[in-house]
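Here are a few notes to read alongside the structure. Have it open and follow along chain by chain.

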Amino acid sequence: MRFSMLPKAFAQMFKKPWTNKFPAKYIPSNTTRFLEEVQAGKTKINPPIETPPGFRGKIQYDKEKCIGCQLCLKVCPSEAIEFKPEEKKIKIYLARCTFCSQCNDICPVSCLSMSNEFLLADTDPYSKNLIVE
Amino acid sequence: MTEGKILTTEEIVKYFTDEFKTKIIDVKIKKRSAGIKKNITPYIWMKIDKSAFKDIIKHLFTLHYPQLSVISGNDLGNTIELIYHFSINYGQRMNETILNISVDLPKSNPEIETICDYMPGALISEREKQEFLGVKIIGIPDKRRLFLPDEFPEGVYPWRRDETGPEKLYRNLHEAKK
Amino acid sequence: MSKATITKNNYQIPIGPVHPALKEPVFFEFELDGERIVDVNLKLGHVHRGIEWASRKRNPVQILYLAERICGICSYCHPIAFSLAVESAADIQVPERAEYLRVIHGEIERICSHILWAGVAAHEIGFDTVLYLSWQIREKTLDLTEFLTGNRVTKGITMIGGVRRDITPDMIPKIQETLKYLKDNFEKIRHIFLDDKTVKMRTKVCGILTKEDALKLCAVGPLARSSGVKKDVRVDSSYFAYGDLDIDYITPDILTGEINGDVYDRIIVRLLEIKQSIDLIEQCLDKLPAGPIVAEPKIPKLLAQLKKVNGEGVGRHEAPRGEVIHYVKLDGINEAPFSWKVRAPTYNNILPWIPMLKGQQIADIPIVAASTDPCMSCTNRVGIVKDGNMYEMNKEQLHKLSIEKTRRLML
């Protein structure tokens, strides 16, 4: 039969759209001004969809528990972890991290874990937000 | 290319060794089992002599029209080893046998015949071996490069580990500095 | 312009690497006689990334994540085929629960990939509303993947000897809810694709691949099955838990009773495979055995064990596009493998393009090429990338031609 999509396309006009409108309903014409307005409290950002538990976001490092065994350096596929020999602790560069969480699995004292933070865009790959130590 | 009856793994090996005796240098059969019922998948690894290569392939095609999965290559110092991964007896539940035929070519004269007259689908694999390992395939219908760009220098073979390898073309790779 | 002799020549049109009709770069050169295609010539190699070379300095656990990034859609089948090859070389026995879990993840990936293909095929004909509907259904499946593995695309769930995460009993209601949603909506998609008159007009008797050509050119996957060749790694050989499950080859004569080998048959095969995948996941959830999920949980011990292995292995898996095969050789001295060869399924499905496209019109090129479900990222991974490729940006309005043909046929 012809036009088999027409009834469904018609019905969609009356339903709520499937897309979640994050961060705003329409693209702001000037992003910097939009962010200033958000900080001043004039407009609000629509929240993104909730992440499930077990989501692999930004890595979190518990410095006191770390024993300096260097096992996480051996399994990182992109060599994003650096060892600091004088303190025997590590430094993780998020600009190279692939978020595979293999370092979490191998750590013998479980000092690494993944949070659910994923909004990590930055202009400088070595800025403070993107280095975990 | 007759259908014939389905042979078991040992019968397939016997079919080849009866015909070619000394040309088959080594045969290994490996069986892997999987799942709760532990059904078996057999793998046959055969090492053959280069002089009988085309006859052995012809003999294989009389058994069942195989599927050529890929041709892989290794650089072993003085020889280049080509492995042809075939699989036969597909079409019925859990009947397939995987046959890996490996041929050694000396580096002074790396030539081998083509199998494109029996199986036109082998063209892409053979073209890839020509440009990456420097193997010369006699009788291939299409000699052009496949993956490498035309500006790539002649005589440099990226998969080799000797002086014709691509060391001069590295730039700024941290793996190269390790 | 000399008027002495007027000869009839064939035109040659290059359709360069970057063009709107196909999603990934590949270079075609068509020889045309009016609107009909006479000959096809193609060149690959535009997305070489040197992945197999990058594996020479990495140990097998790191290579799992390198293999995952070969392709976005096939991001589960490459690490799993690599793991099968290493397990075959090192004689590692995988526990039974892990094998059933691997089947579940593989079938979820197959559902996502086939629904994506259905949307892309509809877009090539010009049917954009179906693209949005099918991708809306796919979003639910991706949410399920994120819940089970932690990420939508690069799943990171494979480990040599098993899987990394378990499916606990409190996760099972969410899986069953998603399967119920898929089963309810499957009928919608099936009705649109297989009963719609426009789709039938565009896809029947178009891009035919005969059974002899499919056998001789070593076609794999749904492309071979839609031409009548019964090849499916899950049914032919026993790996993971497929030996215990109830599964059969899917060919178009299950639905229509005859095999033509055209684009319509390929739509039938892929839609029926979605239904088969839902059924397989339900069978697995019923029969899931208890036990460990990985053969060797301590990774330093696993790496030390693999360092001593001297052998070679082959791993094959049925990806959504066909058969994936990896060959690994471990030499017992270094941690990194001696050699690693990847063969993605699109590699074998490129040669059948030539007999399929001869005799067709230009406006049929997008739908015929899209019906083989090409994934060029998988195909080009070998060698070293050298700058110096010249890309041809051309204004071929291939996609627009395809839509205009649909409108012409409808009126």
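The points below go through chains C, B and A in turn.

1. Before anything else, keep in mind that this is a predicted model.

2. Start with chain C and look for its open sheet of three strands. Going across, the order is S1-S2-S3, and the pairing is antiparallel. Which strands stand at the edges? They are S1 (11-15) and S3 (36-43) of chain C. Each has a single partner strand, so one side of each has no neighbour in the sheet. As you step from one strand to the next, the twist averages 20°.

3. Now zoom in on one pair in that sheet. Strand S2 of chain C covers residues 27-33, and seven bridges join it to S3(C) in the antiparallel sense.

4. Trace it along the sequence and you get the pattern α-β-β-α-β-β-β-β-α-β-α. How much of chain B is buried? Of its 178 residues, 33% are. Take the contacts in chain B with a separation of 6 or more: 51% of them come from residues 24 or more positions apart.

5. Over in chain A, have a look at helix H2, residues 31-40. Is it buried or in the open? The number of buried residues among its 10 is zero, so the helix lies largely in the open. Just after H2(A) comes A:Gly41, with a positive phi of about 95°.

How values were computed. Residues numbered from 1 in each chain as written. Chains lettered and ligands numbered in written order. Predicted model: local features only at pLDDT ≥ 70, side-chain atom pairs only at ≥ 80, totals over all residues. Pairing = 2+ DSSP bridges. Helix = DSSP H or I, 4+ residues; strand = E, 2+ residues; numbered from the N terminus. Axes fitted to C-alpha atoms, helices over the stretch in contact; angles between N-to-C directions. Buried ≥ 20, exposed ≤ 12 C-beta atoms within 10 Å, placed from the backbone. Contact = placed C-beta atoms within 7 Å.
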